[in-house]
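Work through the exercises below with the sequence and the coordinates open side by side.

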Amino acid sequence: MSLFGKKKCCACGENIGAFYRKKLPCGFICEKCSHQISPLVKYTRFTDAEKLKEHLEYRKESSELLEKFQITRIIGEKERIVIDDKNKLVLFAAEGDKWTKYQPDVIHFDQITGFDEYIEVIDSGDYYESSEGIENEVPDGYVSCNFSFILTIDSPWFSVIPIRVNRDELITDDTGSAEYRKYKEMLDEVRETFRPYYRSARKIS
């Protein structure tokens with residue numbers, strides 16, 4: 001009987017039918033509440049119901065910030081950092097995301113406490129994996145480059161956000177080329193945007 005009977009959601013207390021049985025460490029969760037959990041947070045973090053409820057309240061506040069979000073800049077291609085310079089807010093999205101539907105986490109500029117950039121270079125004769133998951137050899141005399149950054153975030157829910165700004169590997173025989181500089185300038189723009197906040201994170205309640 002207990003296998004097919006109703007369970008109560010550990011977040012909202014509503015009954016859960018037999019056809020939706022998502023289990024968290026703190027108990028079962030209904031479909032509505034599970035869809036409100038940030039995609040940046042692992043379910044294993046919710047070891048008690050109070051922590052889960054606290055997270056859902058944070059997500060409600062993030063949703064309210066999204067309503068007033070005004071896009072002023074978008075940096076990146078497949079993975080993108082979306083900036084609201086007026087309200088000092090930022091969110092992260094993949095290409096083609098319906099932001100209001102999937103509700104990304106909205107972060108204040110002054111929650112960003114650090115920046116690290118990574119330019120991965122694979123030499124000719126070695127192999128790289130394309131965006132379609134196909135392994136290819138770097139041609140003789142060329143290199144394969146990827147351009148990424150990691151932002152350190154002052155948040156109780158996640159501490160770092162990694163983003164790769166180029167859609168496909170850049171295969172080039174000239175690291176001074178216009179395309180190489182384009183991606184390097186994207187990294188520079190992100191770094192300089194948040195530089196004033198690296199050592200002055202606000203208190204997260």
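**Exercise 1: the strands around β6**

Six bridges join β6 to strand β7 (residues 89-94), and the two strands run antiparallel. This is a predicted model, in which local features need a pLDDT of at least 70 and side-chain atom pairs count only at pLDDT 80 or more, while totals for chains, interfaces and linings use all residues. Residues are numbered from 1 along each chain as its sequence is written, and side-chain values use heavy atoms, with hydrogens and water left out.

Solution. Begin with the terms: helices (H or I, at least four residues) and strands (E, at least two) are DSSP runs numbered from the N terminus, and two strands pair if DSSP finds at least two bridges between them. Finally, consider burial, where buried means under 20% relative accessible area, exposed over 50%, and partly exposed in between (1.4 Å probe, protein chains only). Strand β6 (residues 79-84) is mostly covered, since five of its six residues are buried.

Task: find which residue takes a positive phi in the hairpin of β6 and β7.

Solution. The hairpin has four residues between its strands, and K88 takes a positive phi near 60° there. K88 has this backbone angle although it is not a glycine. The residue is placed in the loop between β6 and β7, and with a relative accessible area of 39% K88 is partly exposed.

**Exercise 2: salt bridges to helix α4**

Task: determine how many salt bridges the rule gives, and where the partners E77 and K182 lie.

Solution. A salt bridge is counted when a side-chain nitrogen of Lys or Arg is within 4 Å of a carboxyl oxygen of Asp or Glu. By this rule the count comes to 13. One of the bridges is formed by the side chains of E77 and K182, at 3.4 Å from N to O. This pair links distant parts of the chain, with E77 in the loop between β5 and β6 and K182 in helix α4 (residues 178-194), 105 residues apart. E77 is buried at a relative accessible area of 13%, whereas K182 counts as partly exposed at 35%.

Task: identify which residues belong to the network that contains R191.

Solution. Start with E117, which forms a salt bridge with R191, the closest N and O atoms being 3.1 Å apart. E117 lies in strand β9 (residues 112-123) and R191 in helix α4, 74 residues apart. R191 also meets D188 in a salt bridge of 3.0 Å, N to O. Because D188 and R191 are three residues apart in helix α4, they are separated by about one helical turn. Salt bridges that share partners then join E117, K184, D188, R191, E192 and R195 into one network.

**Exercise 3: the nonpolar core and the rings**

Task: name which residues of the largest nonpolar core touch the most other members.

Solution. A nonpolar core is a set of buried Ala, Val, Leu, Ile, Met, Phe, Trp, Tyr and Cys residues joined through side-chain atoms within 4.5 Å. Of the 45 residues in the largest core, L52, I81, V90, F149, L151 and F194 touch the most other members. Elements that each supply at least two residues of this core include β6, β7, β9 and α4. A second, separate core of eight residues includes F69, L89, L91 and A93.

Task: describe what aromatic pairs F109 forms with F194 and with Y197.

Solution. Rings of Phe, Tyr and Trp (its six-membered ring) pair if their centres lie within 6.5 Å, and planes under 30 degrees apart count as stacked, over 60 as edge-to-face and the rest as tilted. The structure holds seven aromatic pairs. F109 and F194 form an edge-to-face pair, 5.0 Å centre to centre with 85° between the planes. F109 and Y197 also form an edge-to-face pair, at 5.8 Å and 75°. F109 lies in the loop between β8 and β9 and Y197 in the segment after α4, so the pair ties together parts that are 88 residues apart in sequence.
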